Amino acid sequence: KIPHLAHSIITDSNTFLKIMLSLKGELDRRLSIKNSEEFPHLPALVCIVDEFLSFLSEIGNKKMINLAAETISAILRRGRHVKIHMVLAAHNPTQKNMLIDLSDIQSRMAFQCPKYTNSITILGQGGAEKLRGNGDMLFRPSSNAESQRIQGAFIASEDINAVLNQIRL
């Protein structure tokens, strides 16, 4: 019941895979548009996947896991050109369990990581293992400039619910 969502929140891996394939279909459709006048009218799509490694591991079938990883990589690689963006979140990512081409992720952000290797996986450099938590983060913009240490705002669940209730009115 959040008005700006194109799809309800997904909690199972089979629906996740179907939505990723649908988003890939929209990517292909947008890439095939020849009329440049139509582009400014395309809405931007943002797909946010929390714990995306869990979704991949729950698929079970190796062939389907590879299909999901290839689909996500394709969206990351070409989506930004047609106003399709992805935000991927994962706990304790490693080079081995990511399964996607990390070079396709343009901007990166890391909160406190338990290990130096997690920071390397997320940012391509160390530093996130030294963060203090509570919104302290490193951000590496798409320009591949040096990571910036920034402080994110903490918003309590009650405040989020109050804003959403206001939007729903």
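**Surface patch and cores**

Q: Val46, buried or exposed?
A: Val46 is exposed in this predicted model, because its relative accessible area is 54%, and exposed here means over 50%.

Q: Which strand is Val46 found in?
A: Val46 belongs to strand S1, which covers residues 45-49.

Q: And which residues form a nonpolar patch with Val46 on the surface?
A: Ile48 and Val87 do, and together with Val46 they have about 290 Å² of accessible area.

Q: Switching to the inside, how many residues are in the largest nonpolar core?
A: That core has 25 residues, and the ones with the most contacts inside it are Met20, Val49, Phe52, Ile72, Met86 and Ile100. At least two of its residues come from each of H1, S1, helix H2 (52-59), helix H3 (62-78) and strand S2 (84-88), with H3 giving the largest share, 6 residues.

Q: What does Met20 touch?
A: Leaving aside residues up to four places away in sequence, Met20 touches Cys47, Val49, Thr71, Ile72, Ile75 and Met86.

Q: Which residues are in the second core?
A: Ala110, Ile122, Leu123 and Leu138 are among them, in a separate core of 7 residues.

Q: Where is confidence lowest, and where is it highest?
A: Helix H4 (residues 95-98) is lowest, at a mean pLDDT of 79, whereas helix H1 (residues 13-31) is highest, at 94.

Q: And what does the protein chain average?
A: The protein chain averages a pLDDT of 88, and 97% of the residues score at least 70.

Note on methods
Residues numbered from 1 in each chain as written. Predicted model: local features only at pLDDT ≥ 70, side-chain atom pairs only at ≥ 80, totals over all residues. Heavy atoms only, no water. Patch = residues over 30% accessible without salt bridge, like charges linked within 9 Å, V, L, I, M, F, W, Y side chains within 5 Å. Areas by Shrake-Rupley, 256 points an atom, 1.4 Å probe, with all protein chains shown as cover. Salt bridge = Lys/Arg side-chain N within 4 Å of Asp/Glu carboxyl O. Helix = DSSP H or I, 4+ residues; strand = E, 2+ residues; numbered from the N terminus. Buried < 20%, exposed > 50% of the residue type's maximum accessible area, 1.4 Å probe, protein only. pLDDT = per-residue confidence, 0-100. Core = buried A, V, L, I, M, F, W, Y, C linked by side-chain atoms within 4.5 Å. Contact = heavy atoms within 4.5 Å.
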